[in-house]
Amino acid sequence: MKICLAGQGAFGIKHLEALQKIEGIDVVSLAGGNLASTEEVARKFGIPHWTCDLGESLAQPGVEAAILATPTQMHAAQGEQCLRAGKHVMIEIPIADNLADSERLARVQKETGLVAMGGHTRRFNPSHQWIHKRILTGDLKIQQMDVQTYFFRRTNMNAAGKPRSWTDHLLWHHACHTIDLFQYQTGEIASHAHALQGPVHPTLGIAMDMSIGLKVPSGAICTLSLSFNNKGPLGTFFRYICDNGTYIARYDDLVDGDQQPIDLSTVDVSMNGIELQDREFFAAIRENREPNASVAQCLTAMRTLDRLDHCLRTDA
């Protein structure tokens with residue numbers, strides 16, 4: 001399958017590294033925001049064509065699908081561009097930075113009948129898969145998810161520590177991971193959703209600290225703390241407090257409440273959540289089916305984010 005990838009930054013590179021491990025996938029074009037760095041990444045990964053024009057990438061001979069690892073603000077328009085061009089598309093999280101654009105993407109997907117998937121990696125991390133399978137068998141029931149998402153980003157820097165041209169967002173990007181995961185793991189939509197945010201950064205124009213509380217009808221709650229001001233251990237840590245055990249997940253790793261590692265080697269065909277996410281995208285295309293984390297499925301998280309956004313605007 002010939003595909004193109006948009007985004008030469010840190011997460012685009014993570015996808016390219018994962019794609020090298022998936023047989024039958026040929027990345028034939030890379031579309032980036034800076035021609036020099038796009039060429040550098042393309043040459044490193046042996047991609048024969050590079051450009052700053054996504055349309056040019058989509059028009060390369062034989063391209064069937066695209067992966068978008070571009071700035072959040074571009075996701076919705078580029079996702080629609082791919083679908084209108086007749087290409088399947090996976091859009092990195094979040095699929096858009098507002099509910100209206102998310103719903104428009106879902107309508108376009110329905111019109112075209114193509115595969116459109118959100119990059120909700122947490123659904124695919126072996127750590128969260130292990131928990132999910134035990135919830136489905138009735139071995140575990142979530143009482144609370146306690147989640148910390150902490151970075152030190154007082155300037156526009158990407159995950160590789162390099163400058164970038166766009167501004168990230170705690171709510172529409174980083175909270176989206178946890179909100180989707182909580183609703184996915186419980187199988188319910190939040191009946192209560194509240195949010196508080198700290199001071200807005202004078203230059204970046206975004207809140208640098210945020211607190212979110214969710215509750216689903218069964219009674220399970222989620223407590224989420226986010227910060228771009230934290231200087232210390234970085235990333236996201238998930239504590240699952242269940243009726244039958246406590247587990248702590250950090251990306252693809254999992255330990256129990258006593259810090260004993262859980263063997264995840266038999267959960268899936270890889271220990272890399274991004275690779276597993278990409279594999280699901282290609283499998284859905286080949287099998288002509290809806291993928292896990294389809295754009296349609298992503299709407300429940302986007303609707304909850306919209307409610308939280310309204311809460312923050314009301315309390316501002």
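User: What is the order of the six strands in the open sheet, and which pairing do they have?

Analyst: In this predicted model, where local features need pLDDT of at least 70, side-chain atom pairs count only at pLDDT 80 or more, and totals for chains, interfaces and linings use all residues, the open sheet of six strands has the order 3-2-1-4-5-6 with parallel pairing. Residues are numbered from 1 along each chain as its sequence is written, and side-chain values use heavy atoms, with hydrogens and water left out.

User: What makes strand 3 and strand 6 the edge strands?

Analyst: Two strands pair if DSSP finds at least two bridges between them, and strand 3 (49-51) and strand 6 (116-119) each pair on one side only. Strands here are DSSP runs (E, at least two residues), and helices are runs of H or I with at least four residues, both numbered from the N terminus.

User: How many bridges join strand 5 to strand 6?

Analyst: Four bridges join strand 5 (residues 88-92) to strand 6, against a requirement of at least two, so the two strands count as paired. M90 has M117 of strand 6 as its bridge partner.

User: Why is helix 4 called roughly parallel to helix 5?

Analyst: Helix 4 (residues 75-84) and helix 5 (residues 99-112) pack at about 5°, with axes 10 Å apart; axes are lines fitted to C-alpha atoms, for helices over the stretch in contact, and angles run from 0 to 180 degrees between N-to-C directions. Angles under 35 degrees count as roughly parallel, over 145 as roughly antiparallel, 65 to 115 as roughly perpendicular and the rest as oblique, which makes helix 4 roughly parallel to helix 5.
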